[in-house]
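Here is a structure to read together.

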Amino acid sequence: MADPAGGPGAMAQPRVLLTKEPAPQTVPASDLPMKVYEVALNKGTDSSSGLATAGFRTAKYLPTEWHLNNSELYHKAFTGCEQAERGRAEAKELAEYAAAAAQRTQQDSTSAVGQRLQDIHFWKAELQREIQDLDAETCLLSAQKLRLERALDATEVPYAIATDNLQCRERRQAPDLVSDEVERELLKEAELIRNIQELLKRTLMQASNQMRLNQDHKEFCEMDWSDKVETYNIDDKCGKYSNQSTNIQFHPSSVKFEESASTPETWAKFSHDNIYRAEREKLASINLRALIDNILHDTSEDMRKQCAAVNEAFAKHCEELDDTKHKLEHHLKKILKEIGYQEANIAALKQAIKDKEAPMKVAQTRLYDRSFRPNVDLCRDEAQFRLIREVEELTESINSLKKKLLESEQTLRNLEDTRMNLEKEIAVKTNSIFIDRQKCMAHRTRYPVVVKLVGYQ
């Protein structure tokens, strides 16, 4: 009998050691039916054709045929046993090899699923970390956005103060209604606040867009993370299947690749791209937060500097107004005193003119009476000449006094006009001081502090 392991089929397959007995045959053994051999009839010259032996010679074999038939049966039986034994050995070896191969491939598949679980867990953890980072970054950016909104609201008060100061100073009276340093600083302050408001509005819009981008990429990562969680659960369940599991069954149609299935490279690239885009938006958000910090710091500092410049201009202008008012009041006092002196002078001049009336009457009466001297006594004597000169001198003095009186009265009128102008100018300066100090500077005490301008309150 040939060795079962020496068959040609056994040489082609490697030996596999089994750790357990092969499974029993599922088809029970049964006896095969006997094969019927048909032997050719002997119709040769040696065959009997007699009538007496016809019944005994019909369809009978020769001894050589009988021995040949037995020999063939022996040979066929031996060959069949040998083939059957060799087939059993090959079947046993094949079963052992198939069992070992199935166990090995199952272990490889389980190991591959385990490695896949590690890959999925890695990307799932990376996505989860990125989602948490994006969520935290969005919260920080939202806080910065709130600061921008508060800072924008805080600029309304300074802008209202600046415009109110400009409107109040429009109520100044001439000649104080002048485009001075205070007005230039106020206009500069109003323009600065308008520019800051526009900048804050643009930055607010940029922050809103960045928050929307952060949310969009967070949702992309969340969807990818959700797919990874579902896939991890599926592969984890697959990795726990074994030959003893009760929930396994045949699925012949599953042994195929889906047309829409991705490759490991595209699968990893998809998550990598999602994380890369999320990281890019996170970095942009961080840079925007830093920019917002700088903007709020710079704008608040610029506003406070300009506020200080306006306050300084107001203080300087109020000092100038006070000084001018004091000088005007000083000159007014001098004018009033001079007006009193001039009125006394005019009264004295009038009295002097009046005092010259009696001497004039005396001199003219003397001349009149002497004009009645008779005949030769009507002489142009020294007394006559002296009386005439006296009248002329008195007339000249009266004319000079009257001229000086006219000049003094004109001077008094000029002093009165100056007094009125000084009083009017003092009233204008008082009004200007009231507007700048009581209205404008008092209103500017409501200017927001730096904490509000940077958006913390």
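The dialogue below goes from the overall fold to single side chains.

Q: What kind of model is this, and what is its secondary structure?
A: It is a predicted model. The chain has nine helices and zero strands. From the N terminus on, the order reads α-α-α-α-α-α-α-α-α.

Q: How many of the 457 residues count as buried, as a percentage?
A: Burial is read from relative accessible area: under 20% is buried, over 50% is exposed, and partly exposed is in between. Here 28% of the 457 residues count as buried. The accessible surface of the chain is about 31200 Å², and carbon and sulfur atoms hold 57% of that.

Q: What share of the contacts joins residues 24 or more positions apart?
A: Take the contacts in the chain with a separation of 6 or more: 88% of them are between residues 24 or more positions apart.

Q: How do I read a salt bridge?
A: Side chains of opposite charge can pair when their charged atoms come close. This structure holds 33 salt bridges. One of them joins Glu279 and Arg129, at 4.0 Å from N to O. Glu279 is in helix α6 (residues 264-355) and Arg129 is in helix α3 (residues 63-154), so this pair ties together parts 150 residues apart in sequence.

Q: Which residue forms a salt bridge with Lys282?
A: Asp133 does, with the closest N and O atoms 3.4 Å apart. This pair also links distant parts of the chain: Lys282 is in helix α6, Asp133 is in helix α3, and they are 149 residues apart. Lys282 counts as buried because its relative accessible area is 14%. Asp133 is partly exposed, at 26%.

Q: Which residues are linked in a network of salt bridges?
A: Such a network links Glu126, Arg129, Asp133, Glu279 and Lys282.

Q: What does a salt bridge within one helix look like?
A: Look at Glu407 and Lys404, whose closest N and O atoms are 3.2 Å apart. Both lie in helix α8, and they are separated by about one helical turn because they are three residues apart. Glu407 is partly exposed at 38%, and Lys404 is partly exposed at 42%.

Q: Is Lys429 buried or exposed?
A: Lys429 is buried, at 7% relative accessibility. It lies in helix α8 (residues 382-443). Leaving out residues up to four places away in sequence, Lys429 touches Asp176, Leu321, Thr324, Lys325 and Leu328.

Q: How do I read aromatic pairs?
A: Phe122 and Trp123 are edge-to-face, at 5.1 Å centre to centre and 75 degrees between the planes. Phe122 is partly exposed at 44%, while Trp123 is buried at 15%. Tyr368 and Phe372 are also edge-to-face, with centres 5.0 Å apart and planes at 80 degrees. Tyr368 is exposed at 53%, and Phe372 is exposed at 55%.

Q: Where does a charge sit over a ring?
A: Arg116 lies over the face of Trp267, 3.7 Å from the ring centre. The charged end of Arg147 sits over the ring of Tyr456, 4.1 Å from its centre.

Q: Which residues make the nonpolar surface patch of about 280 Å²?
A: Val449, Val451 and Tyr456 make it. Val451 is in helix α9 (residues 450-453). Val451 is partly exposed, at 37% relative accessible area.

Conventions: Residues are numbered from 1 along each chain as its sequence is written. This is a predicted model: local features need pLDDT of at least 70, side-chain atom pairs count only at pLDDT 80 or more; totals for chains, interfaces and linings use all residues. Side-chain values use heavy atoms; hydrogens and water are left out. Patches are made of residues with over 30% relative accessible area and no salt bridge: like charges are joined within 9 Å, nonpolar side chains (Val, Leu, Ile, Met, Phe, Trp, Tyr) within 5 Å. Accessible areas come from the Shrake-Rupley method with a 1.4 Å probe; for residues, only the protein chains shown count as cover. A salt bridge is a side-chain nitrogen of Lys or Arg within 4 Å of a carboxyl oxygen of Asp or Glu. Helices (H or I, at least four residues) and strands (E, at least two) are DSSP runs, numbered from the N terminus. Buried means under 20% relative accessible area, exposed over 50%, partly exposed in between (1.4 Å probe, protein chains only). Rings of Phe, Tyr and Trp (its six-membered ring) pair if their centres lie within 6.5 Å; planes under 30 degrees apart count as stacked, over 60 as edge-to-face and the rest as tilted. A charge sits over a ring if NZ of Lys or CZ of Arg is within 6 Å of the ring centre and within 35 degrees of the ring normal. Contact means heavy atoms within 4.5 Å.
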